[in-house]
Amino acid sequence: MGTELVEIKMSQSTLKIGSEEVQNTVSLTPSPNLDSIPKTPKSPFGTRIMTPLASPMKKTLTYMEEIGHFTKLDPQDAWLPITESRNGNAYYAAFHTLSSGIGVQALVLPLAFITLGWIWGIISLSIIFMWQLYTLWLLIQLHESVPGMRYSRYLRLSMAVFGEKLGKILALFPTMYLSGGTCVTLIMIGGGTMKIFFQTICGSNHCHLISLSTIEWYIVFTVSAIVLAQLPNLNSIAGISLIGSISAVTYCTLTWVVSVVKEKPEGVSFEPVENISDLGRVCSILNAIGMIAFAFRGHNLVLEIQGTMPSSLKNPSHLPMWKGVKFSYSIIALCLFPLAIGGYWAYGNLMPNGGILSALDKYHREDTSKVILGITSLLVVVHSLTSFQIYAMPVFDNLEFRYTSNKKKPCPWWIRTGFRVFFGCLAFFISVALPFLPSLAGLIGGIALPVTLAYPCLMWIMINKPKTYTSSWYVNWSLGILGLVLSVLLVFGAIWSIATQGMDVHFFKPQ
C-alpha cells in the first residue's frame, strides 16, 4: 500500500527575489504515490564498497514537518548524488568541511609572510579567516532563506538571486573550476607525491624496484580515485572524508612540528624582500594576500553538504550544519596558524616556492627519519584521494542532472559509473596535457575568489533586503564590494607576475 503525502499551504504570500516573484497560494493537494516514483538503480559498487558511516538512502517528494511549514522538493533531487540521501548530520558536515577546507595549498602560507612580515602576515591571516568564516555562515543561512525552498547547490542559489543568465555567468565557471580544476590539481599533487613516497622508501641501493614515470604515477592515482568515486552519493563518502580529515590534520601538524624542532638552516632572515619598483612591491603584496585567501576553500561545497541534511521548522538544517562547521574550522585554525607562523620562523626567507613540505625535504632530508618523511608523503596522497571524492561530487551531480532532465528518469548504475570514469579520465588527460596549470592558479583563483568572499554578502542583501544604512547593510555591502575589488587586484597581480617573471609552458611533459 503506497504512502500518500499531503502538501498544506496555509496562506497566500508573494515573495520577491531581485526582480522575480514567487507566489504561494492556499491549496490542499495530494502528492503522487511514492511507490510510483522511479528510484535510482543501486550500483553494484555502492552495495559492496560502503563506508561504515554511510546512511541508507531515503527519497521523498515532500517534507511536511508542521502545519504551516513545508519544504517542497523537486522529484529530480531524489535521483541526484548530492541530494538523493538526506540523512546527514553535524558529524558528517564536520568531516566533509574539514576534508575539503584544508589541503596542500595551506603548505605555502609561510611564503606569504616573506612579503608581509610577522605583523601584517598574522593580521592578514586573521582577517581573511574571520571574513571567510562569516561568508560561510551567510551561505548556511541562505540555504533555506526562501520559505518552501532549499538551495542545495551554489549555482542554483546564484541563479535565483541574480537571475538565470547573470547567475550562470557569475557562478558557473568559478564553481566548476573549484570542483574540476581542484580534481586536476589533486591528480598532479597526489601522483607526484606517490613518486616522492616511493623514492623515500625505496631510494637506497638495496632496493631493486624500478620507479614508475610521473605519468604512470598519475595513472595509479587516477585509477584509485575512480574506484573510490563509485560510492553513490555525498552521504556515503562521510567515512572517506573522516579519513581525509585525519590525514590532513596529521601531515599539517607533522610538517610544522618537525620544522620547528629541527635546527634552523644557516642564513635564515626575516627581513622583507626588496623589490626593484613600487609596482613590484604592490604586486608581491597582492600575491601574498592571494596565497592566504586561496588557503581557505570549500565555499562552493557548503550548500551541497547542507543539502544532505533533513530539515524541519523545529530542527532546521542550518543548526547542525553550523555546529559541524564551527568544530571543523576550529581544527583548521589550529592547523593553519601554527603552520604559517612556525614555517616562517623555521625557514624565514629561505622558504622555497613549493612551501614548507619542500623546505622540509630540502633542508632536513638527511637528518629526518625516513619513516616520518614517508608517512608525511603517504598522508598527502591519502588526503588527495579523499578530497578528490568530495570535489568531484558537484561535477557528477551536474552530469546526472543533464541526463535526468532529458530522460525524465534516474541514471542506471552503468551510466552513473560511466560518467565517473569519464570525468576521471578527462581530469587525468588535462593534468598530463597542461602540467603548467598550477602556474595559473593565481590568475584563475582571483577570478573564483568572489565565490568565497563577495557573492555570499551580495546574495544575502538581495534576498533579505535589510533596511538601508543599518549595520548589516553596511557590513555586507562593504565586504561584497571589497571582495570584488580584491578579486580584480589579484587577477592584475597574477597577470603582472606572469608578464615580468614569465611562465614555463610545456604540453604533455609533466615534471
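Reader: How much of the protein chain counts as buried?
Author: Of its 511 residues, 52% do, buried being under 20% relative accessible area with a 1.4 Å probe, protein chains only.

Reader: Where does the model come from, and what's counted?
Author: This is a predicted model: local features need pLDDT of at least 70, side-chain atom pairs count only at pLDDT 80 or more, and totals for chains, interfaces and linings use all residues. Numbering runs from 1 along each chain as its sequence is written, and side-chain values use heavy atoms, leaving out hydrogens and water.

Reader: What's the average pLDDT?
Author: The protein chain averages 84, and 84% of the residues score at least 70; pLDDT is the predictor's confidence in each residue, from 0 to 100.

Reader: And where is it below 50?
Author: Residues 1–36 are one such stretch, with 69 contacts beyond near neighbours in sequence (contact: heavy atoms within 4.5 Å). Residues 45–70 are also below 50, with 73 such contacts. Where pLDDT is low, the predicted coordinates should not be read in detail.

Reader: Switching to helices: how do α10 and α11 cross?
Author: The axes of α10 (residues 318–347) and α11 (residues 356–364) come within 11 Å and cross at roughly 30 degrees. The two helices are therefore roughly parallel, the word for angles under 35 degrees.

Reader: Which residues make the contact?
Author: From α10, L339, G343 and Y347; from α11, I356, A359, L360, Y363 and H364. By class that's six nonpolar, two polar and no charged residues.

Definitions and conventions
Axes fitted to C-alpha atoms, helices over the stretch in contact; angles between N-to-C directions. Helix = DSSP H or I, 4+ residues; strand = E, 2+ residues; numbered from the N terminus. Parallel < 35°, antiparallel > 145°, perpendicular 65-115°, else oblique. Nonpolar A, V, L, I, M, F, W, Y, C, P; charged D, E, K, R; others polar. Buried < 20%, exposed > 50% of the residue type's maximum accessible area, 1.4 Å probe, protein only.
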